[in-house]
Amino acid sequence: MKFICEYRDEKIAKKYASAIADITTQAWTIMEICGGQTHSIVKYGIDELLPAGITLIHGPGCPVCVTAIALIDRAIVLASQPNVIFCSFGDMLRVPGTERDLLSAKAAGADVRIVYSPLDCLKLARTHCDRQIVFFAVGFETTAPATAMAVYQAQQEQLDNFSILVAHVLVPPAMEAILASPNCCVRGFLAAGHVCTVMGNREYEAISKKYSVPIIVTGFEPVDILQGIYMCIQQLESGRAECENQYTRSVRREGNQTAQQLIQEIFTVIPRQWRGIGEIAESGWDLRQKYANFDANKRFQQQLNSVACDNICLQTECISGKIMQGIKKPHDCSAFGTRCTPEHPLGAPMVSSEGACAAYYRYRQSNDRL
Amino acid sequence: MTDFNLSCPIPLEQYPHVLLAHGGGGRLMHQLINRLFAPTFQSLGVQHDSTVLNLPTGKIAITTDSYVIHPLFFPGGDIGSLAVYGTVNDLAMSGARPLYLSAGFILEEGLPMETLWRVVQSMQKAAESAGVRIVTGDTKVVDRGKGDGIFINTTGIGIIEHEQLIVPTAVEPGDIIILNGDIGRHGIAIMAVREGLEFETTIESDSAPCNSLVLELLAQGIEIHCLRDLTRGGLASALNEIAIAAGVTISLKETRISVREDVGGACEILGFDPLYVANEGRFIAFVPEVKADQALKIMQSRDRDSGIIGRVTGKSRKSLGLVTMESKIGTTRIIDMLSGEQLPRIC
């Protein structure tokens, strides 16, 4: 498969691994931002190929993991309305809210459907005129253009039975929150290649300069990640701190301007609650006033009245916030693999395949079985 | 498929759809049995509450499975052929020669009679190709909205004509694992239809009977420790089930597992791991190392994508079982059971 096989090639991967070992003279801690990268690192055992001093920590770039509990509670209330068809990306369905998840709501009679694109919701809206179609708009800058397009088209077609529950989040403010934390141990970043495909590199150039930290825009295949790590260590070892692009086959400095314009048209930047982390200023998108009639929060205001919209902190031993900030590893959690498993997750990172805990659980718990 | 229309023996102009009465025990039900089921399945004479069969002496194998699938017809198969091959393959996995099947239908009121006719024809065709006979059956009709068109249950009986004990507990360290072809086609064919995905070529299900290949392996004197068909949960789940049952560790090589390019591409798009995608004509055989090459040759003569994908490396602690795989970049990772359904990822 072109553009896949060559990036999963053992010889090239090992060549990069040995090049990394050659240039590394001291210990460095690097954070990969995106959950897709975390998944790839753990799935392919990329960290096993690195010299002992290089530590990879897993950033907050799993949209499933950072969606606030209050939003999931709202999603469940919306899905449970008798006239609603509630549409979501697949891996949001098992994320626990305060009391239950969307799959349990489905089992209790809610009409919850998995979609691959928000535009599929418009098809449903056209063919189910007597039902309200609500889309759970989750994700980083990568999925936002498709949500924006759905809202834009719905406006054009004057579809009055389509609305969205917006949970979109932005990467750069989260990176700044991590860098500004007094506990920050991150010396370099692998930025999320697909987010940058949409947004370009410019925001990262500013962060790199402001915090003197190397940021490498990186892809998702093993060779991409190893090359990204190599470029990052090259900078660290030579005392440079710049934003560089490893994922040149997808990312342009200016990004996808059509997508950006569409996002600008539909969304406005707001503060957002991150599960396990708390509120981060200017870290989310919400619908502009002009498109407020597509906001499920407003359309179903009465039904959502009783649901808290503040940050809900459940009393749990889950340390997901610390894991997503890179302060702890999944293994450090007392509940990991015992009281918290993919079947009974205490926190979101154990649910999504992009979540650090689930990735560790799936690929790394062999010691007690040998 | 209009040719079925022409030969459908139920007077379509009178009953173009299944009625509740077709399962009610009266004339309509008898008409359905006598005009549709019995002639198609070439029933063995007298209709009675049960069918009496002559079986050879010795051990028999019996299995049952229920089939629910949407859509009912998909590239490479349909619910009818699936209901035959699935049960035939379950018998074959015990090393049995499948002989007879029962067929229980739960039909939804309003199902087009032509659809039922097509499914029943397909079952008979599949039964002929697998060398089994459908000898008894049952029909129930549920209210409209309480079914999904057709649900089918099939029970199969087969005879064991050899002395081998083909069970997970017979798996031993050192055993070689052979897979009879590429994986993932059935699950992706179904997903492609459900999601309206279009590829350059149509991905067809691998749905097929495996009994003749298994019987050939046995006839050629291959010692087989265990067989398992790779249905729901795919290769990864089958290997984990056996590793746990046998209390062994299994090591695979990713580069040895054949995944067709279009299937691999679809998995990338959908966010699925082909190791967990369903198959309906694929199985793994655990054989002692001395017989591995001979077994592989026999399997490759049927499907050149057959290959040795790994081996049993040792006993696991506490009988927990462990499956690991050497990845394409030479590192090792665990292949675990799925916690639930494989859910598509966000991005």
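In the predicted model, 27 residues of domain 1 of chain A are in contact with 21 residues of domain 2 of chain A, two residues being in contact if their C-beta atoms, placed from the backbone, lie within 7 Å. Chain A is divided into domain 1 (1-313) and domain 2 (320-369), with bounds that come from an automatic or database domain assignment. The centres of these two domains of chain A, taken over C-alpha atoms, are separated by 19 Å. On the side of domain 1 of chain A that touches domain 2 of chain A, at least two residues each come from helix H2 (35-44), strand E2 (54-61) and helix H3 (63-66) of chain A. Helices (H or I, at least four residues) and strands (E, at least two) are DSSP runs, numbered from the N terminus. H2(A) gives the most to this side, with 6 residues. By class, the side comprises 14 nonpolar, 9 polar and 4 charged residues; Ala, Val, Leu, Ile, Met, Phe, Trp, Tyr, Cys and Pro count as nonpolar, Asp, Glu, Lys and Arg as charged, and the others, Gly among them, as polar.

Residues are numbered from 1 along each chain as its sequence is written, and chains are lettered from A and ligands numbered from 1 in the order in which they are written. As the model is predicted, local features need pLDDT of at least 70 and side-chain atom pairs count only at pLDDT 80 or more, while totals for chains, interfaces and linings use all residues.

In chain B, the assignment gives domain 1 (6-45 + 59-159) and domain 2 (168-334). Their C-alpha centres lie 29 Å apart. Contacts join 20 residues of domain 1 of chain B to 23 residues of domain 2 of chain B. Helix H3 (79-92), strand E4 (97-108) and helix H4 (113-130) of chain B each supply at least two residues of the side of domain 1 that touches domain 2. H3(B) gives the most to that side, with 9 residues. The side has 11 nonpolar, 7 polar and 2 charged residues.

Helix H5 (residues 185-195) of chain B is mostly covered, with 8 of its 11 residues buried. A residue is buried if 20 or more other C-beta atoms lie within 10 Å of its own, C-beta atoms being placed from the backbone. The buried residues of H5(B) are B:Arg185, B:His186, B:Gly187, B:Ile188, B:Ala189, B:Ile190, B:Met191 and B:Ala192. Their cover includes strand E2 (73-74) and helix H8 (261-270) of chain B. H5(B) is followed by B:Gly196, whose phi is positive, near 65 degrees.

Methods:
Buried ≥ 20, exposed ≤ 12 C-beta atoms within 10 Å, placed from the backbone.
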